[in-house]
Amino acid sequence: MEKEFKLMVAPLQGLTEAEWRRCHFDIYGEGQGDVEYFTPFIRVEKGEVRARDLRDFTSELNQGMNLTPQIIFRDVDEWRLLADTLAKSGATRIDMNMGCPFPPQVRKGRGAGIIVHPDVVADVARAMEQYADSIEFSVKMRLGVDDPVEVLALVDILNSMPLRHVTVHPRTAKQQYKGKLLLEEMDAFASSLRHPVVFNGEISTRMQIEELAKRYDGVMVGRGLLSMPSLFAEFRTGLDLSVEERERCWLELIKGTASELEKRLCGASQLRDKMKAYWEYVPEGMDRKILKMGKKRSTWGCAPWI
């Protein structure tokens, strides 16, 4: 039997929120119900689950899509609070963030910072047992904080967990999003795991996905989908869209996202500031006139030039 190859949309803080996900799913989701979306990580703040993170998961905009909430935690107490809250909110799957390279999170032992605390990961593995009949878990991680050998200390613990898959970004937290991908180190780690392995990092073309499908059980794409939202559709059909069609698709997604955000945000200024981040991911070769107008636009709800 041919293995299932997973297509996953990576969570990106401030970008792949409910409004963007809704529009991406509506535009590209037909016939792709197997594509799995992940929420930007849900965290504990001042002893409580941050309300706006939880609202993103429970939003009505998520209806009909394959969505998994992701959590970030420092210790087993935070993990339990997050798991309990999400279970009460209807979650049947939870993804555990052990890969965020943002220094403030890493220094506090969250995200990739937890990799160098195998005792905490072992505590979490034991805590997972109480959810065995109600929640499926997965992990998104890096190879370490400073050294890719750090992750090897977690192999036995990860193998003891009932995980759907392990998503790996083949860099350390120290590298952030720059520097070479540590592919040999990733393969050494992946070969030691009993779980399906999903590749994450620097994916921007369908040809890359086709090559990765020969070696891994899935891909998780974030920035690549922000600049080419049709990427998974192109992989499915095996056909590349023209530059003009990719530009049209991107603008359609941007317009839809702005229209949804306009319902939540307060005024044109907030909306403009929120939308600026998306213009860092414009498709290659995009018309400069449109690009200039988009970056300067003061309102977004109805953009006649799109």
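The paragraphs below go through the charged side chains of this structure and then one threonine. The model is predicted, so local features need pLDDT of at least 70 and side-chain atom pairs count only at pLDDT 80 or more, while totals for chains, interfaces and linings use all residues. Residues are numbered from 1 along each chain as its sequence is written, and side-chain values use heavy atoms, with hydrogens and water left out.

Side chains of opposite charge can pair when their charged atoms come close. Such a pair is called a salt bridge when a side-chain nitrogen of Lys or Arg is within 4 Å of a carboxyl oxygen of Asp or Glu. The structure holds 28 salt bridges.

One of them joins the side chains of E78 and R110, with 2.7 Å from N to O. E78 belongs to helix α3 (residues 76-88) and R110 to the loop between α4 (103-107) and α5 (118-127), so the pair ties together parts that are 32 residues apart in sequence. Helices (H or I, at least four residues) and strands (E, at least two) are DSSP runs, numbered from the N terminus. E78 is buried at 7% relative accessibility, and R110 is buried at 10%. Buried means under 20% relative accessible area, exposed means over 50%, and partly exposed lies in between (1.4 Å probe, protein chains only).

E202 and R171 also meet in a salt bridge, at 3.1 Å from N to O. This pair links distant parts of the chain, with E202 in the loop between β10 (197-200) and α8 (206-212) and R171 in the loop between β9 (163-168) and α7, 31 residues apart. E202 is partly exposed, with a relative accessible area of 35%, whereas R171 is buried at 3%.

A further salt bridge, 2.9 Å from N to O, connects the side chains of E211 and K214. Here E211 is partly exposed at 44% relative accessibility, and K214 is exposed at 61%.

The side chain of K140 does make a polar contact with the side chain of N200, at 3.4 Å. A polar contact is a pair of N or O atoms within 3.5 Å; within protein, one must be able to donate a hydrogen and the other to accept it, and residues adjacent in sequence count only if both atoms are side-chain atoms.

The last stop is T237, in helix α10 (residues 231-237). T237 is exposed, at 54% relative accessibility. Its side chain reaches the backbone oxygen of E234 at 3.3 Å and the backbone nitrogen of L239 at 3.3 Å. The C-alpha atoms of T237 and D133 are separated by 37 Å, and these residues are 104 residues apart along the chain.
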